[in-house]
Protein chains: 2
Amino acid sequence: MPNRTSVSVGRSSVRRTAPTVDVVLLTPHARRLSVLLERVEGARSKERWALPWEAMRSTETIEESAARLAREALGSSPSLVEQVAAYGDGRRHPSGATLSVAFLALVAAGAPAPVGGSTAWFAIDEIPAIAPRQKAMLDGALHAVRARLEQSPIAFRLLPATFTLSELQGIYEILLGRRLHKASFRRALHAAWLVEPTDEWRSEGRGRPAQLFRYAPRKRRSSRRGVRFEGME
Amino acid sequence: MPNRTSVSVGRSSVRRTAPTVDVVLLTPHARRLSVLLERVEGARSKERWALPWEAMRSTETIEESAARLAREALGSSPSLVEQVAAYGDGRRHPSGATLSVAFLALVAAGAPAPVGGSTAWFAIDEIPAIAPRQKAMLDGALHAVRARLEQSPIAFRLLPATFTLSELQGIYEILLGRRLHKASFRRALHAAWLVEPTDEWRSEGRGRPAQLFRYAPRKRRSSRRGVRFEGME
DNA sequence: TCAATAGTGTCTGTTAGACATTATGGA
DNA sequence: TCCATAATGTCTAACAGACACTATTGA
């Protein structure tokens, strides 16, 4: 629950609500991303959902708050917690706060649905109605994940410790929103020295079993050829 | 000046200070970026400098506050104002606030040194001591500018309406921190259809005069070849 | 004329994407 | 046996970077 207090600013007295920390927990599921929402009791027992949030505390940094909040909502620690942005617009937030800071948290595939009954995973294109500011936070988090994909190895945060190259490519395809060329994907991956094979193989349904790999970055490619003007309007 | 108020949280009473909005104004100068700092009176008349900042108001969005704050510090409107991140760590801020939101503002080259005497441009590798949180904001703003360079046409925000291709390449070199190949740069620029020539030419010192161009994006290149695993650790 | 900068044409090594082929298990 | 998926080799068009060259001004 938010802390509402009367604050004196100059000669006028305004109502101020403590800023909130909100967490967008994301995990891959069925070739889509899913987000964790909490059930909240709305007015007239109407069912409402919301991103996990809480009023900011002065006893810990916002990063610590976000990590704890994600852990509490999930039941275990996510593989990555990272700030998205502050949202200080006029959009509505469950707390009534004028300012909220959104965090993104990634959860490896195969995470069990959190027990406790009050939280559930929703595919991002099938989420129920949430407060407008939280919807903006979700959009911002998705944009941030996609933007950071080419700079940081965040795709591995959405996979268990060992995985097949097809699973890895699937994560990239989910995040990029387009299909990738298999041979090119593996060539680029090989050249980047990001993964190493294990001696395990996994058979799924028909077809040849796939070798399992693990994330094991070896060296930096400092090449960075050229200037890219792509994506510009 | 910050608003300090006594706020009741549960049974304890803590001192809370309103969050701040801080602006990192950047402009290119002499093949480097410069940042705008304001002179503030420190204790014992010691000279101190700080990024422009103010306590958050509930009467406008943080984006509006940042744009106004930048305009007031600069004397005119910057060409771009964009959020960097929220800083809610333990680092010291001039306000004493526990939370600050940093904004980045770009100013076209050739901006006059702001009159009024209390502000000045400093090359980013020669800045005086500022509060640790503001130093982190400056670093974050520089990182954000570089990260967005390949996604958005922000280089043009650091140039006047017309410019030579050598000036444009110089902006990219400042932001990327490395030299670029002239012919390749122009080829990629031509392929991206981002600029168009004017019929003006400018002669600077010796050498052949350079044609002036203006920013005029025509179409999107939706190509995006391949997956890039570069820059990963 | 020389120096300095603008702008362009050509060559070459690299690489993304297409295509084809082999490998290997399940139905 | 067929089918589905994994994994890999080869070819080609695109392109980044190097190099060389011309163009055009001021000193």
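This report walks through selected helices, strands and contacts in a predicted model.

Local features need pLDDT of at least 70, side-chain atom pairs count only at pLDDT 80 or more, and totals for chains, interfaces and linings use all residues; side-chain values use heavy atoms, with hydrogens and water left out. Residues are numbered from 1 along each chain as its sequence is written, while chains are lettered from A and ligands numbered from 1 in the order in which they are written.

Helices (H or I, at least four residues) and strands (E, at least two) are DSSP runs, numbered from the N terminus. Two strands pair if DSSP finds at least two bridges between them. Strands of a sheet pair through backbone hydrogen bonds, either parallel or antiparallel.

Chain A holds an open sheet of three strands, in the order 10-12-11, with antiparallel pairing. Its edge strands are strand 10 (162-164) and strand 11 (195-202) of chain A, each pairing on one side only. The twist averages 40 degrees from one strand to the next. Within this sheet, A:Tyr215 of strand 12 is the bridge partner of A:Val195.

Chain B also has an open sheet of three strands, ordered 10-12-11 and antiparallel. Strand 10 (162-164) and strand 11 (195-202) of chain B are the edges, and each pairs on one side only. Neighbouring strands here are turned by 40 degrees against each other on average, direction ignored. B:Trp201 stands opposite B:Gln211 in strand 12 of chain B.

| Strand pair | Bridges |
|---|---|
| Strand 11 and strand 12 (residues 210-215) of chain A | five bridges |
| Strand 4 (residues 32-41) and strand 9 of chain A | five bridges |
| Strand 11 and strand 12 (residues 210-215) of chain B | five bridges |

In the strand 9 pairing, A:Glu38 stands opposite A:Thr119. Buried means under 20% relative accessible area, exposed over 50%, and partly exposed in between (1.4 Å probe, protein chains only). Four of the five residues of strand 9 (residues 119-123) of chain A are buried, so this strand is largely enclosed by the rest of the structure.

**Helices across the sheets**

Axes are lines fitted to C-alpha atoms, for helices over the stretch in contact, and angles run from 0 to 180 degrees between N-to-C directions. Contact means heavy atoms within 4.5 Å.

Helix 3 (residues 165-176) of chain A lies across strands 10, 11 and 12 of chain A, at about 85 degrees to strand 10. In chain B, helix 3 (residues 165-176) lies across strand 10, strand 11 and strand 12 of chain B, also at about 85 degrees to strand 10.

Helix 3 of chain A packs against helix 4 (residues 182-192) of chain A at an angle of about 100 degrees, with axes 11 Å apart. That makes the two helices roughly perpendicular (65 to 115 degrees; under 35 is roughly parallel, over 145 roughly antiparallel, the rest oblique).

**One buried alanine**

A:Ala155 sits in the loop between helix 2 (132-148) and strand 10 of chain A. Is A:Ala155 buried or exposed? A:Ala155 is buried, with a relative accessible area of 0%. Leaving aside neighbours within four places in sequence, A:Ala155 is in contact with A:Leu149, A:Leu168, A:Ile171 and A:Tyr172. A:Ala155 and A:Leu168 are 13 residues apart in sequence and 7.3 Å apart in space, C-alpha to C-alpha.
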